[in-house]
Amino acid sequence: MDKTLRILILSGRDAGRGPMAREVLRAAAGEAVSVESAGAEAGSLHPAAVQAMREAGIDIADHAPRAVGDAAPAPLDLVITIGEAALRFWRGDAPGGVGALMVGIPAHVRWGVDDPAAAAGDAAAVLEAFRAVRDEFRRRAEALVGDGWLRALARQRSQMERLMDAMDEGVVAHDCERRIYLFNSVAERITGYSRDEVLGRDCRAVFAGEGLCGGRCSFCDGRPDEFETLERRMSFVTREGETRQIAMTLRPILLDESGRAGVIASIRDVTEVNELRWRLRTTRSFHGMIGVSKEMRDVFEPIRRGAASDYPILITGESGTGKELVANAIHNESRRQGGPFVPVNCGALPEHILESELFGHVRGAFTGAIRDKKGRFELADGGTLFLDEIGDLPQTVQVKLLRVLQEKRFEKVGGERTLSVDVRIITATNRDLRRMVREGTFREDLYYRLCVVPIHIPPLRRRREDIPPLVDQVLDAIRRESGKPIRSVSDEAMDRLLAYRWPGNVREMINALQFASVRCDGDTILLAHLPPEVRSDAGEPPADEPGGVPDRHDVIHPPVRLGKLDVRSVERALAEARGNKLKAAGILGVGRATLYRFLAKHTVS
């Protein structure tokens, strides 16, 4: 045969007919089959069965009858039911039913042989009945083998496996109990697990991180009433501990006429594709964040890597740099992207309200608590909780937050019941938490719990190359919101935007452009339209800042227009100016705004 068939003999009690049929089938088929027996329930081995088999040269005296529930579920190719009780169990009509037995979609053969233990007469008559059943099993087993039925089944199953292995996608199928019965070679390659390690086992017990689906399968909480085709993109940790990005399509399937449902999933490793897409889109933006400058592109990599794990992340940066946008990007890149993203501003709420907001409260916990209320931790279960301005968290609440991080449990305000949640914590602050730890205003143990993965967002004055594309992004939003046909800003206005120090960072720049759009009647924002503080403040960055002005000994000669800018000439000018963009613009004979616009559209080393 092309493969070893896995066969189960299912009888009523596994006390006589089951072990007898198992042994005669083993004798007839030899090593081509792997045969086990079990019963809908376990009985006591009948002595007449032992005697009848011993007469045929087969000893079953050591057989220990077992119920199906006592056997480890395993993928099967063929189930042979013997008698009415086994047939009812197979059809799912009996208590326990086929769900406890089946892994996969085995073929079914019915041997309608009555139980010889029920034969009328004395012990000799019962023994004769067992002999007759033994001989009947031998004839049926020899017919299965001699007629080529088992060989054809083995060939069909082998061809199916080869067909699955020839596919470009990984294929994984599990039954309604999440037990895997199909796992092709591509799935082995993607996950790092072999067939022998996964077949017959619960998906969640095999794969790290709540199963192949990351705990988001429709079968994770039992059998769903309804299940539609689903598309998933998520991070997956292989057997070797490597994080891969996979795309998964899950489809419901009906396993048999009893109505048992299951899932078949096609999986693709899109790690390399995502890497290329990530590199492509981060040449300008990433989840809405502009990334032309090296300083900002250097932020995108820790965002992507931090999203692959569930460790807490601390985002630092000045006010207005877009810390919540970063937190959202991490959530949307992670396996929790299908769960809730729940933000809380810790600095905007008084202490007594903040505790209730985070952990919830029960009715009567305090004046005004007229009903039970869920806290943000409960609302974020299965997703991400973003705690902004974590430096403003009162020390009493710091203690409770530390406990949640350590134990993943908490009680509502005024409540006695302990709740458990599965939440990923991301925090942000514009304050120096290390200094606060030294000053004793922020708990050191909490700081190290929160700052497992630190991400710092540079201020806008440190990444001026991002200003032109940011302006384009904001003007797009203004056109959509106001209906005004504003398409650009003048060179004079862009020069001032590039020179201004932006103490309020991106948030302030958005505000400035919105202010200018109100005053602008045409399609171009002029210098006169900008807010007074932007127009009047020269705001030139120090020479040691990116794009800073040269010192007084670093003379810029009058511009000499060299023609249309190209990557090579810009690279030469930046090299000559040692990275100083204002000086490079002078060498090239263009205004600073022109150079920054060029850098926003081209990759320059």
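A: Rings of Phe, Tyr and Trp (for Trp, its six-membered ring) pair if their centres lie within 6.5 Å, with planes under 30 degrees apart counted as stacked, over 60 as edge-to-face and the rest as tilted. By this rule the count comes to seven aromatic pairs. The model is a predicted one, in which local features need pLDDT of at least 70 and side-chain atom pairs count only at pLDDT 80 or more, whereas totals for chains, interfaces and linings use all residues. Residues are numbered from 1 along each chain as its sequence is written, and side-chain values use heavy atoms, with hydrogens and water left out.

Q: Which parts does the pair of Phe-359 and Phe-377 tie together?
A: Phe-359 belongs to helix H12 (residues 351-359) and Phe-377 to helix H13 (residues 376-379), so the pair joins parts that are 18 residues apart in sequence. Helices here are DSSP runs of H or I with at least four residues, strands are runs of E with at least two, and both are numbered from the N terminus.

Q: Why is the pair of Phe-359 and Phe-410 called tilted?
A: The ring centres of Phe-359 and Phe-410 are 5.7 Å apart and the planes make 45 degrees, so the pair is tilted. Phe-410 lies in strand E17 (residues 409-411) and Phe-359 in helix H12, so this pair ties together parts that are 51 residues apart in sequence.

Q: How do you know whether Phe-359 is buried or exposed?
A: Buried means under 20% relative accessible area, exposed over 50% and partly exposed in between, with a 1.4 Å probe and protein chains only. Phe-359 has a relative accessible area of 2% and is therefore buried, and Phe-410, at 2% relative accessibility, also counts as buried.

Q: Why are the buried residues of H21 said to line one face of the helix?
A: In helix H21 (residues 567-576) the buried residues are Ser-569, Val-570, Ala-573 and Leu-574. Seen down the axis of H21, they fall within an arc of 135 degrees, so they line one face; the arc is that of the directions from the helix axis to the C-beta atoms. On the other side of H21, Arg-568, Arg-572, Ala-575 and Glu-576 are exposed.
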